[in-house]
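Please consult the sequence and the model shown here.

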Amino acid sequence: MEITLSQPINSEELLWFLSRGYDETIYKVEGKSIYRAFLVDNEKMLVRITPGSLSVKIDWLVGQPDQSVIDFITEWFDLDTDLSGFYALLRADPVLEYMADEYKGLKLAGMPDLFEALCWAIAGQQINLTFAYKLKRRLVERYGDFIDYQDNRYYIFPAPEVLMQADPEELKAMQFSGSKTAYLIHTATAFVDGRISKEMLMALPTEKQLELLTGLKGIGTWTANYVLMKSLRDPGAIPYGDAGLLNALLGHGIISNKKELQDMHALFQRFKGWEAYLVFYLWRSLAIKPVV
DNA sequence: GGCCAGGACTCAA
DNA sequence: TTGAGTCATGGC
């Protein structure tokens with residue numbers, strides 16, 4: 001089946017971003033397609049997603065076409081958002097205007113699954129991304145379900161019910177720190193207890209969302225905003241303090257050191273309503289070469 | 001070997 | 001509310 005788009009997307013940029021040299025566990029990019037397994041009503045599915053310019057092709061390799069998977073993919077790649085407002089702001093900025101052409105049509109790749117987004121953020125706190133992906137792989141391979149298909153194994157992110165009961169010693173043996181171990185189990189427990197869910201968050205205003213998230217152990221300002229950006233798709237979310245963000249701002253000469261952030265705040269002020277996209281594009285700019 | 005990594009916590013002042 | 005110390009381990 002195919003999703004028809006009203007705005008063209010940059011599928012090459014998307015595929016490149018999704019596979020940008022890290023060892024991702026939860027999906028596989030091969031050629032011009034993305035492979036990902038899903039669990040829908042206890043049924044495991046495997047799809048091949050092939051983004052074009054004005055359409056996204058989805059093939060069910062295992063299972064039957066399912067609307068919830070289509071919705072997930074639409075959200076994952078932010079297919080419905082029109083970026084023209086963002087590009088108008090970029091073009092008005094002498095330092096960042098190049099992004100409007102160079103990354104044109106690049107959609108913010110999100111993480112629709114809130115639990116996965118939180119776990120990923122916890123795993124990635126304060127460590128380099130290469131190591132963070134290693135931790136994620138160990139976690140998913142140990143606790144996640146999977147589908148075997150043509151010599152490949154496709155993993156599904158573990159459910160909170162499973163992670164809640166993980167043995168802390170086992171997590172530590174996978175090189176999760178004591179803190180990360182505790183945070184992961186606390187977070188999984190909060191999901192199982194019904195203290196947090198994506199639906200719950202979606203019904204709240206931003207301040208209450210941040211309050212609920214940062215009320216969980218291990219979820220600080222950075223993580224809370226990170227998941228608002230990647231999972232709730234709050235266009236105004238900014239992961240304050242993010243190391244990559246600060247480095248990108250330094251690289252572009254927008255700030256001159258990591259402690260004086262007035263110019264960063266002024267920049268975001270100008271990008272009201274597109275802050276999350278600005279962060280995503282700044283992250284994107286880190287990936288190939290530092291822009292000096 | 002030292003600094004940094006897509007931080008958060010606790011505790012003191 | 002701000003700052004220092006702590007956790008914890010790999011990557012470069």
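Q: How do the residues of the surface near DNA strand C divide by class?
A: They comprise one nonpolar, four polar and one charged residue. Here Ala, Val, Leu, Ile, Met, Phe, Trp, Tyr, Cys and Pro count as nonpolar, Asp, Glu, Lys and Arg as charged, and the others, Gly among them, as polar. The model is predicted: local features need pLDDT of at least 70, side-chain atom pairs count only at pLDDT 80 or more, and totals for chains, interfaces and linings use all residues. Residues are numbered from 1 along each chain as its sequence is written, chains are lettered from A and ligands numbered from 1 in the order in which they are written, and side-chain values use heavy atoms, with hydrogens and water left out.

Q: Which residues surround DNA strand C?
A: N128, F131, K134, Q175, S177 and G178 surround DNA strand C; a residue is near a strand if one of its heavy atoms lies within 4 Å of it. Of the atoms of DNA strand C that come within 4 Å of the protein, 83% belong to sugar and phosphate.

Q: What makes the pair formed by the side chain of N128 and a base nitrogen of DNA strand C a polar contact?
A: A polar contact is a pair of N or O atoms within 3.5 Å; within protein, one must be able to donate a hydrogen and the other to accept it, and residues adjacent in sequence count only if both atoms are side-chain atoms. An N or O atom in the side chain of N128 is 3.2 Å from a base nitrogen of DNA strand C, so the pair qualifies.

Q: Which side chains approach a phosphate oxygen of DNA strand C?
A: A polar side-chain atom of K134 lies 2.6 Å from a phosphate oxygen, and for an N or O atom in the side chain of Q175 the distance to a phosphate oxygen is 2.3 Å.

Q: Why is Q126 called exposed?
A: Exposed means over 50% relative accessible area, buried under 20%, and partly exposed in between (1.4 Å probe, protein chains only). Q126 has 79%, and is therefore exposed. Q126 is not a glycine, yet its phi is positive, about 65°.

Q: What makes D151 count as exposed?
A: Its relative accessibility is 85%, so D151 counts as exposed. D151, also not a glycine, has a positive phi of about 70°. Most residues other than glycine have a negative phi.
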